[in-house]
Amino acid sequence: MWINGRPVEAEGARQGNVHAPATGEVIRTVAFARAGEIDCAVRSAETAFLSWKETTALNRSRILGRFCDLLRKNQEPLARLISEEHGKSVSDAMGSMQRGIEVVEFAVGAPHLLKGAFSENVARDIDSHSVLHPLGVCAGITPFNFPAMVPLWMFPMALACGNTFVLKPSEKVPSASMRMAELLKEAGLPDGVLNVVHGDSETVDALIAHPGVRAISFVGSTPVARHIYAAAAQHGKRVQALGGAKNHAVIAPDADMEAAADALMSAAFGSAGQRCMAISAVVGIGAAGDSIVEAMTRKASRLTPADTGPLITSVQCERIRTLIDEGITQGAKLTLDGREWGAAGNSKGFYFGPTIFDRVTTEMSVYQKEIFGPVLVVLRTNSIEEAIGLVNRNPYGNGVAIFTQSGGVARRFENEIEAGMVGVNVAIPIPMAFFSFGGWKASLFGDLCMHGMEGVYFYTRRKTITSRWA
Ligand code: NAD
């Protein structure tokens, strides 16, 4: 753990193994924090809050600016660490870190973002102004799939706004968070402002129940997001809980099929499909169905383990194998089968090849479940109305994309589709840091998304002052 500005050994007997998914080997163990250790981390953050909230936004921003420089300087070694524990390629990890660094760059604008508002003479001799106050100790719980980027969605914004933070990264990828805590110290962050604890659901439950924690940011799967949202609200905490996804790409008959299929290769199979914005369902309208299945099957059959990387665990390989069996039994047509793909020269790695199912219907389990692997399902419709209706009936609403050459079709899609992040001829429409990131429906529990102005509002509370001076 990282508590009060230094590494601390957790004393609990409970611990987890960290695997290198590319080889299947256990590379380190991580000790899980118990309630007493969580208390230590929260108390350290509470004490640090007293002076951090009094530090000017400009000085907080300067520390984050230095952190940003250090992240850039250490981007490659950090990406290597991420690659080792997660399995994604170093260049993929560099790319996702870049998106995280952009959030820090946005947070560096804290003096401007926290300016509040002022109205003079709202009545005779009366002025009104509003100010943004920090909340206190905030906590973040993050998933395995972006070991640096998702934590970077949270703590830089929280710190910029004057809060202190306790981060609980995924126990499968614990090291990047520890390294970032060291870099923040090097950047001049006072001890206790950022703390890192490790663990599983027991650790998370202790963090949520702790009376010193004011707000919870969570990113992970929908069942856990739903639980975190309810539990945090029950403890009277502010909460934003981002959940899972089933992101659709709708292919109109006028789309540039080769360009769409190229974009879908990375969107569906990059990082072995383990991205919350990965496309996992394709909806072909009319003749587009046959063309896109042909183009995608042809291109995906050329992908290699180096293009996709492994899955995070062997359990996930087995789970996906079972889902594929179910898809076949339920009548979907397998056009590309990734089940027999072993790691090149290393059968122990958690590799799974690109898999494409055609003629999938909404009742099939391969459609209904978030697979979170390199499996793409293709559904067919006859019109844009039907395609929009199909996507909108799905319980998730994270990202969605349409491929078309018609401005009118794209405009209608943008207006009617029920999802938080929409791409037009862009398969992975991740908003830049100065916009907010978050989905609709079962992909977000809470009212405010990550970063952008919604991040500022999540990590602050507003106070409006009305004053009369004659
Ligand atoms: P997960 O839900 O299993 O775990 C996320 C975090 O919650 C981890 O830190 C884990 O230790 C903790 N946790 C797990 N079970 C818990 C429980 N019962 N009670 C309390 N805490 C618990 O998710 P994951 O497998 O690490 O990540 C993949 C999931 O995250 C996918 O569903 C993916 O779509 C989602 N995700 C969503 C977004 C988004 O922006 N919406 C981004 C990244 C990942």
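**Exercise 1. Place Asp290 in the fold and find out what lies across from it.**

Step 1: Asp290 belongs to helix α11, where helices (H or I, at least four residues) and strands (E, at least two) are DSSP runs, numbered from the N terminus.

Step 2: Asp290 is partly exposed, because its relative accessible area is 48%. Here buried means under 20% relative accessible area, exposed over 50%, and partly exposed in between (1.4 Å probe, protein chains only).

Step 3: Now look along the chain: Asp358 is 68 residues apart from Asp290, and their C-alpha atoms are separated by 9.2 Å.

Before you go on, a word about the model: it is predicted, so local features need pLDDT of at least 70 and side-chain atom pairs count only at pLDDT 80 or more, while totals for chains, interfaces and linings use all residues. Residues are numbered from 1 along each chain as its sequence is written, and side-chain values use heavy atoms, with hydrogens and water left out.

**Exercise 2. Stay in the helix and work out what Lys299 does with its side chain.**

Step 1: Lys299 is also in helix α11, which covers residues 288-300.

Step 2: Is Lys299 buried or exposed? Lys299 counts as buried, because its relative accessibility is 12%.

Step 3: The side chain of Lys299 makes a polar contact with the side chain of Asp262, at 2.9 Å. A polar contact is a pair of N or O atoms within 3.5 Å; within protein, one must be able to donate a hydrogen and the other to accept it, and residues adjacent in sequence count only if both atoms are side-chain atoms.

**Exercise 3. Find two residues with a positive phi and compare their surroundings.**

Step 1: Arg359 has a phi near 55°, a positive value in a residue other than glycine. Look for Arg359 in the loop between β15 (355-358) and α14 (365-368).

Step 2: Phe372 is not a glycine either, yet its phi is positive at about 55°. Phe372 is found in the loop between α14 and β16 (375-381).

Step 3: Arg359 is partly exposed, because its relative accessible area is 45%. Phe372 counts as buried, because its relative accessibility is 19%.

**Exercise 4. Describe what surrounds the ligand.**

Step 1: Which elements each supply at least two residues of the shell around the ligand? They include α8 (201-209), β10 (213-219) and α9 (222-234).

Step 2: An oxygen atom of the ligand is 2.7 Å from an N or O atom in the side chain of Glu171. For Ser221, an oxygen atom of the ligand is likewise 2.7 Å from an N or O atom in the side chain. At Thr142, a polar backbone atom is 2.8 Å from an oxygen atom of the ligand.
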